[in-house]
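Try each task before you read its solution.

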Amino acid sequence: MMFIEYTWLVPLIPAICFLIVGFFGNMFDKRHGGGFLAIAGVAVSCVLSVLISAEFFMSSAYVDVGYVAKSFTWFAFPGGFDINIGYYVDTLSCLMMMFASFISMLILIYSLGYMSEEGKRKQRYFAEVALFVTGMLGLAVSNNFLMMFIFWEVMGLCSYLLIGFWSFSHPEGDDASDNAASAAKKAFLVTRLGDVSLMAGLFILLFAFKSLDYTVVFDAASIAAVDHNLIVLASLLIFGGAIGKSAQFPLLDWLPDAMAGPTTVSALIHAATMVKAGVYLVARCFPIFTEASGVMLFVAVIGGFTAFFAATMAMNNMNIKKVLAYSTLSQLGYMFLALGAGGYMIAIGMESGNTALIAAGSVGYVAGCLHMVNHAFFKALLFLGSGSVIHSTGTEDMREMGGLESKMKVTSITMLIGSLSIAGFPFFAGFWSKDLILEQVLHAGDYGAAGWVFIVLWLLAVVTAFMTAFYMFRMWYMTFRGPMHKKSEHSHGESPRSMTIPLMVLSVFAFGFGFVLFFGFDSLLSIQIIGGQFRMGGMESGGAHYLVEFFTNVWTYVTIALVLLAIYLAKNMYELGKIDPARFNGDGESWLYKALTERWWFPQLYDQLSWKLGYGVARGVEFIDSNIIDGSVNGLSNAVAGSGELVSKAQTGDVNNYASAVIGGLIVLFVAVVALFVFMGGL
Amino acid sequence: MFDLPEIPYLLTLLIAIPLIGAITTLFMGGEKQKHARMTSIAFSAVTLVLAVYLMLSNDYGAYAESHTWIDTAGLKMSYMLAVDGLSILMVFLTALLLLVVSVFTFEQHDKPNYFFALLLAMEVGLMGVYLAADYFLFYIMWEVVLIPMYFMISWFGGPRRHYAAIKFFIYTHVASLVMLIGIFAIVFQAAAGGVADFSFAAVLAGSAAFSGVFQSLAFGLLFFGFAVKMPIVPFHTWLPDAHTEAPTAGSVLLAAVMLKMGSYGIIRVCLEVLPDGAVSWQAIMVVVALVAIVYGAYACIAQNDLKKMVAFSSVSHMGMVLLGIACLSEIGVMFAIFQMFAHGLITAVLFMTCGLAHDLYDTREIPLLGGLAAKTPIYATFMMFGFLASLGLPGLVGFWGEFGVIFGFYEYALSINMIWLIVFCLLSLLLTAGYYLWAIQRSMFGRLTTKLSDKVMSRIRDINKAEGIAMGIMCLMIAVFGLWPDLALSIISPYSSALIGVI
């Protein structure tokens, strides 16, 4: 134990950088607003995470128990509920902290160039990004749900602040400011809906387990001691949190709007932090989620549907960042689909005691997590690439671009690599994980009463793979090939070094990271059950068998063929112009085209709902408050003032009158008191 | 926490020092009035030091004081002071806020000597309420708080100040009369025909013989008195008016410590003395609290005045306090007390920022503002911090209050098989985030407003040093107690566990 003991430093270093940069950034670093300190802090965290992971994988704890945890009492709730603080290192948290810190570091380096024209505001930018990274790294190393929830919310806050980075005095004018302010609010409120659900889940777990430590909640003995229905309810509520954070159906609408922030922020949210937290949460909660196959089925259905639904909206969008945003939603859906399918098999395997099925299900877990990391690399690459394009052309509309390949060599090649990877072109990173997911979903269709659902989901997923390849290459061809349009003619050319070097580094990973699957990576990331206990990692299986599985499976070739067809179509439509896209959409008049541009009318639905349920009810309450409640208070006081005058006329000076008034008053009082006694006695 | 040497008459000093300060500043007329603020700062700083010293010492019981005041054949009233885990945080909060608002009120050019004298007089009353251990003293101090606040609103308030001041005075005064009847009832019932001793201890000792019906009735009277002060829907309408019209310093004290008198009274009197009454009123308290939480949150959404919105948010958050109390469980009461403290810290920042809006922009109407973060970034940062703290961002103090109370309520809801009741609490969390973010979006973000006159626009300034220091101190407290809630919880928990032992 050398480095693992210092795991708490991993989130703490960026947190300290946040404070220093936030208060003094412009003082010690006038040119970059403290940017270098933020980069250095995240870099140290990144190195530390690698060292911790290396130590963990070589330690006996990895083989024996699967995790290293340390817990201190933070404070105690009365009734024996301990709230702890500490760290928890296992394969999942190692993976999360490595890729999150590494990609964040690259994004920060890129920001030096991208945000160079922001002047004094850079201080705020770098401070908030450092806090964002703190949130993600803290989430990864937390040892209990409450601590995890705190970092979860810190990320929500940072996404709010960064999406709204330009929510006042936007460089592009007032409308853009309004837009950013409203997008930031929407992001926070929609994810808050999920957070509240997650919080409710935590109440249930805390009450049932008397603790929120992972070591307690994920313990098979303590799970067995808790009411099964409560666990199912808690799992669903916790998944509600993941739906909000990872923008799954129906809480997906905030993510496309969140494009109002700087592109680097989008890259951060989509690749390294924020939306990955939801996937992490589901992966982390496998031991309780797999208590019921229904929960896992629900996860898979939400994921599979979102993958398809979001991909449709990317098909005809003209904004380069929005296309990428929808693709993120879609890819996140894939991850949930994989986790759900794998978990479904594990859950059924646990019910029937079928260990082979559990082992087969753990492949879904590997696929989901691998896709999460692959996606982090290629999506960071794509967003930073699109940022480079926007930086150079000054527009986000792809219709104003075109033919940029000659002016921006590095950007176009790296983005091509990213697009090939996300499209699932053979041997690129995305190919391996996506194919593993498809295979796993089809496999899950063989088991349980709800197996047919997975067949449907598989069909959706295959169609989605086709659509993904199509819209990604539509984007690439529209931007880099074809005729030049006005903005690309006036572009500044290639971006500075600080921006292109991160692109090159990322493209190496976006191409090659999938190969780790064959070097035992799946065993590092696997999940298995030993002696009734869930364990992450430790299954020694090599990985070469995947190669055989992939290439003996006929469906793999079908998917590859679909991907190639989609790329071919996109090339003909947007580079060569041989096929006119208008043929398919009735010149933009068909109902489907409109539905897609209007995002299936989801934003309108949300606006209406929140307006009616929020402001509408509020107006009603305000009316009641000022007219009925306050009205009766004022009415009463007026009545008292008025009757005062009346009563003054009763000052007759006649003792008989007074006496009868006193007696009358006493009678009234007596009746009132008796009535009160009867009422209270019956209470 | 520490074994500190005992300071004799410490509790009396906590009342006497502000009193001397109030008298001193009051007579600083003419030329000397420009020193009134510094005098107030000096006296409140000394009080704060003593309060912190008291809070950090180990044995609160050792500080109790008792001097017989009126001792006749039938009545016994004493000057008794005591402090325990329930009151110490409120004492600290009062002392802290008085210093902070004195620092904050930088530009009081109109009769500053009266202004600061009233502030210090309020501290006298507040300290008295939280330290009193005798019902008679308690009631006197309760009324002492009322009077300076009345003058504060009607002399230094906004355009509708006379209406608001009168409404505040009559409404709360009527309530305190009802409370007085309740006090008489429990004191004489406890005396059972003997000498009516007004001390807390004597009433508590006599309360063992109270019948269930009597407890319910007395609880009702006292609860009404305290509920108006808290305030609880539907007795809350004095609050928005009083807040809107009061000067910033007055609003801060009103929301941060004066409202707590109500919840303090419910715990101190209703729960301690009338536990059976509390049990029979439990269902009503729960319903009222849930209504207040959701109703207050919805009312906030409809407000256009920043200060009025924050005033309604107090209704919602004090409903949270009542909900914790209504659980009648250790967790519930403990976090209700914590929430009182948390709300005091947070609401001070809220009222300082929202009050400043009038100084900076000449209006607090949200529709007239917009995009002002560009002009006043530091101000906007403080506002954002306050709003985030109030909407319960984890890591800040407000989160623990809400988390604990809702968890306590979950426990209660589970025990009566109505787990769905927590949906109302969760709804309020969502609404709270909604109205705050919507308000800051409309006032600070988006396009720069064009609805303010050029004259106002040209003289917009960011906050000055004094205001920055005052709000900075409060923000620091919010963060410290948020990261280390045990600092307050460890003080509360002996009290709350002893109290629940009785119920």
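## Exercise 1: Salt bridges

The side chains of A:Arg399 and A:Asp397 pair up in a salt bridge, 3.1 Å from N to O. The model is a predicted one, and distances here are computed from its atoms.

**Task.** Is A:Arg399 buried, exposed or partly exposed?

**Solution.** 
- Step 1: the relative accessibility of A:Arg399 is 47%.
- Step 2: buried means under 20% and exposed over 50%.
- Step 3: A:Arg399 therefore counts as partly exposed.

**Task.** Find the salt bridge between A:Lys186 and A:Asp257, and say which parts of chain A the pair ties together.

**Solution.** 
- Step 1: the two side chains meet at 3.0 Å, N to O.
- Step 2: A:Lys186 lies in helix H7 (residues 174–209) of chain A, and A:Asp257 in helix H11 (residues 254–257) of chain A, so the pair ties together parts that are 71 residues apart in sequence.
- Step 3: A:Lys186 and A:Asp257 are both buried.

## Exercise 2: Across the two chains

**Task.** Describe the salt bridge of B:Lys167 and A:Asp630, and explain why the pair joins two chains.

**Solution.** 
- Step 1: the side chains of B:Lys167 and A:Asp630 come to 2.6 Å, N to O.
- Step 2: B:Lys167 lies in helix H6 of chain B and A:Asp630 in helix H28 (residues 602–648) of chain A, so the pair joins two chains.
- Step 3: B:Lys167 is buried, and A:Asp630 is buried too.
- Step 4: a further group to look for is the network in which salt bridges with shared partners join A:Asp174, A:Asp175, A:Asp178 and B:Arg447.

**Task.** How much area is buried between chain B and chain A, and which three residues of chain B supply more of its share than any other three?

**Solution.** 
- Step 1: count the residues in contact, which are 61 from chain B and 54 from chain A.
- Step 2: the area buried between the chains is about 5,300 Å², and carbon and sulfur atoms give 77% of that area.
- Step 3: B:Phe403, B:Phe407 and B:Arg447 supply 12% of the area that chain B buries against chain A, more than any other three residues.

**Task.** Which polar links run between the chains, and what classes of residue does chain B bring to the contact?

**Solution.** 
- Step 1: there are four salt bridges between chain B and chain A.
- Step 2: there are also 13 residue pairs in polar contact between the chains, both residues being at pLDDT 80 or more.
- Step 3: several helices of chain B each supply at least two residues of the side that touches chain A, among them helix H6 (161–191), helix H15 (397–415) and helix H16 (422–443).
- Step 4: by class, that side of chain B has 43 nonpolar, 12 polar and six charged residues.

## Exercise 3: Cysteines

**Task.** How many disulfides does the structure hold, and why does A:Cys94 form none?

**Solution.** 
- Step 1: the structure holds zero disulfides over all chains.
- Step 2: a disulfide needs two cysteine sulfur atoms within 2.5 Å.
- Step 3: the closest cysteine sulfur to that of A:Cys94 is in A:Cys46, 13 Å away, which is too far for a bond.
- Step 4: B:Cys475 is in no disulfide either, with the nearest cysteine sulfur, that of B:Cys354, 13 Å away.
- Step 5: A:Cys94 counts as buried at 0% relative accessibility, and B:Cys475 is buried with a relative accessible area of 9%.

## Exercise 4: Two residues and their surroundings

**Task.** Where is B:Ser313, and which side chain does its own side chain join in a polar contact?

**Solution.** 
- Step 1: B:Ser313 sits in helix H12 (residues 306–326) of chain B.
- Step 2: B:Ser313 counts as buried, at 1% relative accessibility.
- Step 3: a polar contact of 3.2 Å joins its side chain to that of B:Tyr436.
- Step 4: leaving aside neighbours within four places in sequence, B:Ser313 is in contact with B:Cys300, B:Leu350, B:Tyr435 and B:Tyr436.

**Task.** Which residues does A:Leu237 contact, beyond its neighbours within four places in sequence?

**Solution.** 
- Step 1: A:Leu237 is partly exposed, with a relative accessible area of 22%.
- Step 2: the contacts of A:Leu237 are A:Ser197, A:Leu198, A:Ala200, A:Gly201 and A:Ile204, leaving aside its neighbours within four places in sequence.

Terms used
Residues are numbered from 1 along each chain as its sequence is written. Chains are lettered from A and ligands numbered from 1 in the order in which they are written. This is a predicted model: local features need pLDDT of at least 70, side-chain atom pairs count only at pLDDT 80 or more; totals for chains, interfaces and linings use all residues. Side-chain values use heavy atoms; hydrogens and water are left out. Buried means under 20% relative accessible area, exposed over 50%, partly exposed in between (1.4 Å probe, protein chains only). Contact means heavy atoms within 4.5 Å. Buried area is the accessible area (1.4 Å probe) that two parts lose on being put together, summed over both. A polar contact is a pair of N or O atoms within 3.5 Å; within protein, one must be able to donate a hydrogen and the other to accept it, and residues adjacent in sequence count only if both atoms are side-chain atoms. Helices (H or I, at least four residues) and strands (E, at least two) are DSSP runs, numbered from the N terminus. Ala, Val, Leu, Ile, Met, Phe, Trp, Tyr, Cys and Pro count as nonpolar, Asp, Glu, Lys and Arg as charged, and the others, Gly among them, as polar.
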